[in-house]
Amino acid sequence: MNDMDLARNPLHIQHGNVEKITINGENCLDTILKQYLTANAAVICWQRHRISWGLWKNQVIQLADGTELDEDKILEIRVFNENEEIHLVRKGQNYCGRYVHDEAGQGAAYVDSLSRFFGKKQGQADGYITLRDSERFFTMTLPCDDSSSSYYGLVTRNYITADETTGQAGYTDYRFVRITSAEGVINNE
């Protein structure tokens, strides 16, 4: 199944392995990332004054606009690649959240889905693409090596768990997987 099938077809349950590790009370973002992440990754950070995209590359966060990440202003951060994600929320001076590593741990069921970002590609440079939505007065620069499309989206992995008492199944967690082409997802532009 390719990424465009995720948007065009009904959701498809897949099976694999997943390891989840709780992170609670750590106070240094750099230490957490170096402890868990095994490869370069995309970054999205919700700060008090803005939302920033960037890369975790060579064990350093590099924001798309070239500025440094001000750790004191972080509210929430996700650092993700094809196989793993760290999702942290800032509580006072500490981070709480979890690390997820696919292809490790125990068996799991999940559904991947693709959601298109607002905007059309306006530019590209140095592993980033810039999307602009002129009707919403909105521009954002995302980490993405594929510059062949006009539209892009975010693939998320939604983990399914069944309640032992009721048998009712539902999504119990999700993670960001990748930014990819979303050409043709919505044809009204």
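**Note on the predicted protein chain**

1. Leucine 88 counts as buried, at 0% relative accessibility (buried means under 20% relative accessible area, exposed over 50% and partly exposed in between, with a 1.4 Å probe and protein chains only). This residue is found in strand S6, residues 84-91; helices (H or I, at least four residues) and strands (E, at least two) are DSSP runs, numbered from the N terminus. Leaving aside residues up to four places away in sequence, leucine 88 touches Ile23, Leu29, Ile32, Leu75, Glu76, Ile77, Tyr95, Cys96, Gly97 and Arg98, where contact means heavy atoms within 4.5 Å. Between the C-alpha atoms of leucine 88 and cysteine 45, which are 43 residues apart along the chain, the separation is 9.6 Å.

2. Basis of the values. The model is predicted, so local features need pLDDT of at least 70 and side-chain atom pairs count only at pLDDT 80 or more, while totals for chains, interfaces and linings use all residues. Residues are numbered from 1 along each chain as its sequence is written, and side-chain values use heavy atoms, with hydrogens and water left out.

3. Overall form. The protein chain has two helices and 13 strands. Its radius of gyration is 17 Å, close to the 16 Å that the globule rule gives for 189 residues, so the chain is as compact as a globular protein of that length; the radius is taken over C-alpha atoms, and the rule is 2.2 Å times the number of residues to the power 0.38. Along the principal axes, the C-alpha atoms fill a box of roughly 50 × 40 × 25 Å.

4. Of the 189 residues in the protein chain, 42% are buried. Among contacts with a separation of 6 or more, 61% are between residues 24 or more positions apart. The accessible surface comes to about 10500 Å², and 45% of this area belongs to carbon and sulfur atoms; such areas come from the Shrake-Rupley method with a 1.4 Å probe, and for residues only the protein chains shown count as cover.

5. Phenylalanine 80. This residue lies in strand S5, residues 74-80, and is buried, with a relative accessible area of 2%. Its contacts, not counting residues up to four places away in sequence, include Ala41, Trp53, Leu154, Phe176 and Arg178. The C-alpha atoms of phenylalanine 80 and arginine 178 are separated by 7.4 Å, although the two residues are 98 residues apart along the chain.

6. Aromatic pairs. The count comes to five aromatic pairs; rings of Phe, Tyr and Trp (its six-membered ring) pair if their centres lie within 6.5 Å, and planes under 30 degrees apart count as stacked, over 60 as edge-to-face and the rest as tilted. Tyrosine 174 and phenylalanine 176 form a tilted pair, at 6.3 Å centre to centre with 35 degrees between the planes. Tyrosine 174 is partly exposed at 38% relative accessibility, whereas phenylalanine 176 is buried at 9%. Phe80, Tyr174 and Phe176 form one aromatic cluster.

7. The loop between S3 and S4. Asparagine 58 is placed in the loop between strand S3 (51-57) and strand S4 (60-63), and glutamine 59 is also in the loop between S3 and S4. Neither is a glycine, yet phi is positive at about 55 degrees for asparagine 58 and at about 60 degrees for glutamine 59. Asparagine 58 is exposed, with a relative accessible area of 63%, while glutamine 59 counts as partly exposed at 42%.
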